Amino acid sequence: MKSSLFAAALVGSLLASNAFADGRKPGSVLIFPVHRSGAAFTVLSVTNTNLTPQTRISFGGSTNIHYQYVNVVANPANAFRPLACVIFDRVEFLTPADTLSVLTACHNATAGLQEGYVVVDAEDPSLFRTPWSHNNLIGSELVVSASGVIYSTEAIPFSSPVNAGNATDLNQNQRLDFDGLEYEKVAEQLYIDSFIALAGSQLSLLNLTGAESDINTIYLSVWNDNEFPLSATIDFNCWFDQPLVRVSPLFTDDFLRRTPQDPRELDLTCDGIGDLETGWAIIDSIGVRNPGGLQISADGAVLGSI
């Protein structure tokens, strides 16, 4: 069993499942794997796809959306082990067919904390802080780094099997449970369908098991461009967003060239000679322990993006 804790705000149990979040449909919860502010900035967008008109006596397809900015306190000694995660939250109202784009540097008011991830959940606009089933949210983010590099990612959606318009906190624990009853379960493994061994390629992961200080050990099963297997492990807590070359040396071009690789891939000049090394990987948690070394789970839960 996997027990997921989302910055002391979300929790879920992962059992045998027949439905997982797939990133291609609206949901009641959206998870944005990265936000950056300060020298870099992020534009975060959430859209309500419900078109039911609002009337004088009904909100129609409207919903509240509850933002939770999980901001990391950086650890100068280890970028994979932040000192803490601090939550700032606020609530916005979306009318039918409404979309809201915010600059996180303005919307996230936690002074001095510049990066982390964001959770957005739908809430009943007629009640105080009551998550409800509203499988109509989609979202994306545009991130501009301090060096001027621009990239965008889609939010990871989780739909709710609860009937539309009903409260999702079935066990009344004031948390978002990814247990297949309140919201979809988290996938057992993450797949990197391909990567290019360049210094600019980055991996972000967030830990969903235990508390913010608990340590999730990740096992990376990696294959190069010639099906040659490699592996690495890394410990992290809460969240990180780091270049692949810092995650493990096996993601570097120099290392991969010294493996039994295909010399014709990736050919950028069409001369039959490979110019850059590529590969793919599977990410799996192999255990979560507290800072004292006591095991919390033999199989933790993670989400992320590359």
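Predicted model: local features only at pLDDT ≥ 70, side-chain atom pairs only at ≥ 80, totals over all residues.
Residues are numbered from 1 along each chain as its sequence is written, and side-chain values use heavy atoms, with hydrogens and water left out.

**Exercise 1.** Classify the pair formed by Trp223 and Trp280.

Start with the rule: rings of Phe, Tyr and Trp (its six-membered ring) pair if their centres lie within 6.5 Å, and planes under 30 degrees apart count as stacked, over 60 as edge-to-face and the rest as tilted. A search of the whole structure finds eight such pairs. For Trp223 and Trp280, the centres are 4.5 Å apart with 10° between the planes, which makes the pair stacked. Next, place the residues: Trp223 is in strand E14 (residues 215-224) and Trp280 in strand E17 (residues 278-289), so the pair ties together parts 57 residues apart in sequence. Strands here are DSSP runs of at least two residues, numbered from the N terminus.

**Exercise 2.** Classify the pair of Phe236 and Phe240.

The ring centres lie 5.2 Å apart and the planes meet at 80°, so this pair is edge-to-face. Now widen the view: Phe80, Phe236 and Phe240 form one aromatic cluster.

**Exercise 3.** Is Asn136 buried or exposed?

Take the cut-offs first: buried means under 20% relative accessible area, exposed over 50%, partly exposed in between (1.4 Å probe, protein chains only). Asn136 has 18%, so Asn136 is buried. Finally, locate Asn136: its place is the loop between strand E8 (115-123) and strand E9 (137-144).

How values were computed:
Helix = DSSP H or I, 4+ residues; strand = E, 2+ residues; numbered from the N terminus.
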